[in-house]
Amino acid sequence: MMTSHTRRRILQGATLAAATGVAEGFGLGRSAPAARAATAGTAATGRGAGTAATGKGAGKGALPFLEGAFAPVTEELTAFDLKVTGRLPRDLDGRYLRTGPNALGLEDVRAHHWMLGDGMVHGVRLRDGRAEWYRNRWVRSSRVAKQLGEKYPGEVPPDDFACNTHVIPYKGRVLALQEGGPLPYELDGELNTVRPYDFRSTLRGAFTAHTKYDPVADELHAVTYYPTWDHVRHLMIDRTGRVARTTEVPVADAPMMHDFALTQKYVVIVDVPITFDAEAAEAGAVVPYVWNDEHPMRVGVLPRAGGTARWFEVDPMYYSHTLNAYDQGDTVVVDFSSMPAPFYAAGRGSGGPSATGAPALDRWTIDLRAGRVGSVRLDDRPQEFPRVNEARVSRRHRFGYTASAAEMWRAYETVDGVPPDDKFTNCLVKHDLLRGTRQVHRFPKGAAASEPVFVPRRGARDEDDGYIVAYVNDPDRGATDLVVLSAQDFTGRPLARVQLPGRVPLGFHGSWVADA
Ligand SMILES: [Fe+2]
């Protein structure tokens, strides 16, 4: 394996230096003067992937989201002809991309929040049964470009931020996404940043990290929010790649709407009791969103063609991620992951979110005729990052896939209580929601299993005929593998493990980008 013709070493242990245009990621447009002084370009050491694989980036102490499996990596690597154990299916022809926060040039680690780390995309190129390359690249926001000693091309957009939450394919492009303000960034096939992307000059204002793409209608849907708005927006981006319709939906208190759901008929908007706090923003809170007991939790059903949302009050919780949703007669079915109330998305001094309990998988059945929302827990095993076969988005699904990473929930619960070693494990879960059964693929302690992405087998007809790909750490190697499972033999041995040259920090979301 040949590694690294591009290698940078920027961060250094506990001296990580400040930076963060923190509030910018949430649309405040606030500058962070101290941050701008950062120590960019502390020159490449050539110490190689081992540095990045140690996971000791920020030193021990009170910052769980900068340590261990979360520790930012310090270098951009390029590696070719990766070692593979097992056999890579030959029809896996494309790139698996996943992103997450990877703080660059921190001066004050205690002022940092995990959700505001500069986005870094980790990608693996598969073709003809081989793993051709691995690359990890920071998204070049203006701040990141400056930190790296590079020139930012063109004009810097408002609310500029190195999008860190999702990376998706869209009409031959790759887009890195962020909620609450920043424009998406377009990346090229080798993860280099091209430019901010505004859907052919039609996107005005904030976007979302969790779009929904209906492959039959060829429509990309988004629900977007911004701290100063008195509404949220449903955007429909049509087959020409332009924002073709914007529906403003009035909401109070500027809630943080991380995700939503889409069916064939409806957009399901989830109004959560985590709302913008101007006082916290004034006081310099890095993520000025707080749990708000006064804000009722509601689910809104908006006709997909636009119009007025019909709202239903539901028990407070944090609606985290949509698995999928669909229409069933006059009922809307939504499967999603949730965290119990109260949930502190902004955390309480731990540098990341804080939970008061484990995440789990739930289902709402919104009966539009009776005007009622039924709620059922599909699985109380701690789990998150639900995904579905993307061809089923907005249509009835049978299967879903989730991940559980002990390291993630341990960090989330740092503030509230007991490290959850006994009840959490590292695993991927396949749900058969028709039969109400599930299969669990376990990984060892320290594996930090991340979001499972379904890739259809070439010529597949059945919904689960394909592969699950996910980044999973190999604690023995001190680095991350791309694990490939057979979705129909979920508990069987992985079909293949691709050995990456470094560690992929626990992060957020990603996609399979098939070659055309
Ligand atoms: Fe998310």
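User: What residue stands opposite Gly300 in S20?

Analyst: Trp311 stands opposite Gly300. The model is predicted.

User: What makes strand S19 and S20 a pair?

Analyst: Pairing takes at least two bridges. Strand S19, residues 298-303, is joined to S20 by 4 bridges. The two therefore count as paired. They run antiparallel.

User: Which strands form the open sheet, and in what order?

Analyst: The order is S15-S16-S19-S20, with antiparallel pairing.

User: Why are S15 and S20 called edge strands?

Analyst: Strand S15 (261-262) and strand S20 (310-313) each pair on one side only.

User: How do you know that 261-262 is enough for a strand?

Analyst: A strand needs at least two residues in a DSSP run of E. S15 spans 261-262, so S15 qualifies.

User: Why is strand S31 called mostly covered?

Analyst: Of its 8 residues, 6 are buried. Buried here means 20 or more other C-beta atoms within 10 Å. Across the chain of 516 residues, 56% count as buried.

User: What makes S31 a partner of both S30 and S32?

Analyst: The threshold is at least two bridges. Strand S30 (residues 466-474) and S31 share 8 bridges. S31 and strand S32 (residues 496-499) are joined by 4. Both pairings therefore hold. Both are antiparallel.

User: Which residues are bridge partners there?

Analyst: Tyr471 partners Leu482 in S31. Val483 partners Arg497 in S32.

Note on methods. Residues are numbered from 1 along each chain as its sequence is written. This is a predicted model: local features need pLDDT of at least 70, side-chain atom pairs count only at pLDDT 80 or more; totals for chains, interfaces and linings use all residues. A residue is buried if 20 or more other C-beta atoms lie within 10 Å of its own, exposed if 12 or fewer, and partly exposed in between; C-beta atoms are placed from the backbone.
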